Amino acid sequence: MKKASAAAVRPRAALLPHPTDIWNALPAPILLLGPDDGVAIANSAAETFFNVSQAQLIGKGWAHLFPDDSPVRALVAEAREISTDIAAYDLSIEFIGGRRVRADVLVGRLPDRDGWLALSFQPRAVTSLVDRQKGQQGAARSATGVAAMLAHEIKNPLSGIRGAAQLLGESLDQDGQELTGLIISEVDRVRALIDRMEGFTDTRPPALAEENIHAVLGHVRMLAEAGFGHHVQFRERYDPSLPPVLGNRDALVQAFLNLVKNAVEASAPGGTVTLTTAFRQGFRVRAHGTGARISLPLEVCVIDEGEGAPPHIADHLFEPFVSEKRGGTGLGLALVAKVVGDHGGIVEYDRREGRTVFRVLLPLAPEDK
């Protein structure tokens, strides 16, 4: 076999990207630590994850970002003590300042570089997207079955009960009329609940078309400001270059209206609800059932400054009848999960720097060819 000449090899080597470009292209936050635990290199994902520039990480180090009892500190110390690679999964990590994340943490030694370590993080908000999507789809199916049953078995007799109470009230004294009035008001309340649940019973795929997501969000904001959200401030941080989303306008308005209402209810008077959009190129998840990888580059966030959900229900917010609000039905976020799932997207709950973030990821409309 003829040997490749050096001249034939050199052009290929010249085409290779610079190592720094490869380092920054990695999606996981990674720090390269020297023998003294100082930061030698931090990639772009690490700067975003820590919300600190590479220069600051190199100058000030990384350990000051975590409390003394942080599991991250303990893992790095253990990796040095026993001279082996360590991986810990689904850790609750707290930063100085109160921010919390769940992440997998990997500490690896560099071959032939004594004392050098690579510290890598994989946020669980990303690694659990597919499992969360499956859970949301299951929750939506459960809600559909429950709603259909209740709509059929309960709603039909309500008109008869209400009519009978009205007729009975006409022949009673004031005390009796107060009681029949109570019956009527409770019937109306149950009817309103059933009306909301009927949103789950339509299992037909929505009619999708190209929609401007900013027009949808603008309509939602206008509705909120004119009604339930008049006592809070709204802020918008939009990417004006976003292409259209493939969606059903009415369904998207309902879903984002529910998210905004949830944010408003969590906010104090005079508080702020922020709506943001962004394009996340290259963000893909594996579709449940088909195995195909679906691109979900369009991100919409609804952010409030409230206390967030209690830890014991945070992982179940999108299931029907789960609510921390007094008198809440627990259907609003379940309906959001159904609508977003019908659009092939994902909705996520997160706590970040003392703020509650509901993040919706959606596919784009296909380009005309």
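The model is a predicted one, in which local features need pLDDT of at least 70 and side-chain atom pairs count only at pLDDT 80 or more, while totals for chains, interfaces and linings use all residues. Residues are numbered from 1 along each chain as its sequence is written, and side-chain values use heavy atoms, with hydrogens and water left out.

**The chain as a whole**

- The chain holds 11 helices and 14 strands; helices (H or I, at least four residues) and strands (E, at least two) are DSSP runs, numbered from the N terminus.
- Of its 369 residues, 39% count as buried, where buried means under 20% relative accessible area, exposed over 50%, and partly exposed in between (1.4 Å probe, protein chains only).
- Among contacts between residues at least 6 apart in sequence, 62% join residues at least 24 apart; a contact means heavy atoms within 4.5 Å.
- The accessible surface of the chain comes to about 20600 Å², and 54% of this belongs to carbon and sulfur atoms; such areas come from the Shrake-Rupley method with a 1.4 Å probe, and for residues only the protein chains shown count as cover.

- Strands β13 and β14 (residues 355-362) run antiparallel and are joined by 7 bridges, with R352 opposite R355 in β14.
- E299 lies in strand β12 and counts as buried because its relative accessibility is 8%.
- Not counting residues up to four places away in sequence, E299 touches T276, T277, A278, R280, R359, V360 and L361.

**Packing of α10 against α11**

- Two packed helices are described by the angle between their axes and the distance between the axes.
- The axes of α10 and helix α11 (residues 332-342) come within 9 Å and cross at roughly 145°.
- From α10, the contact is made by A251, L252, Q254, A255, N258, L259 and N262, and from α11 by G332, L333, L335, V336 and V339.
- These contact residues divide into 8 nonpolar, 4 polar and no charged; Ala, Val, Leu, Ile, Met, Phe, Trp, Tyr, Cys and Pro count as nonpolar, Asp, Glu, Lys and Arg as charged, and the others, Gly among them, as polar.

- Strand β5 (residues 117-123) runs antiparallel to β1 and is joined to it by 4 bridges; the bridge partner of L32 in β5 is A118.
- Strand β2 (residues 39-42) pairs with β1 in the antiparallel sense over 3 bridges, and L31 stands opposite A42 in β2.
- β1 and β2 form a hairpin with 5 residues between them, and D37 in the turn has a positive phi of about 70°.

Definitions and conventions. Pairing = 2+ DSSP bridges. Axes fitted to C-alpha atoms, helices over the stretch in contact; angles between N-to-C directions.
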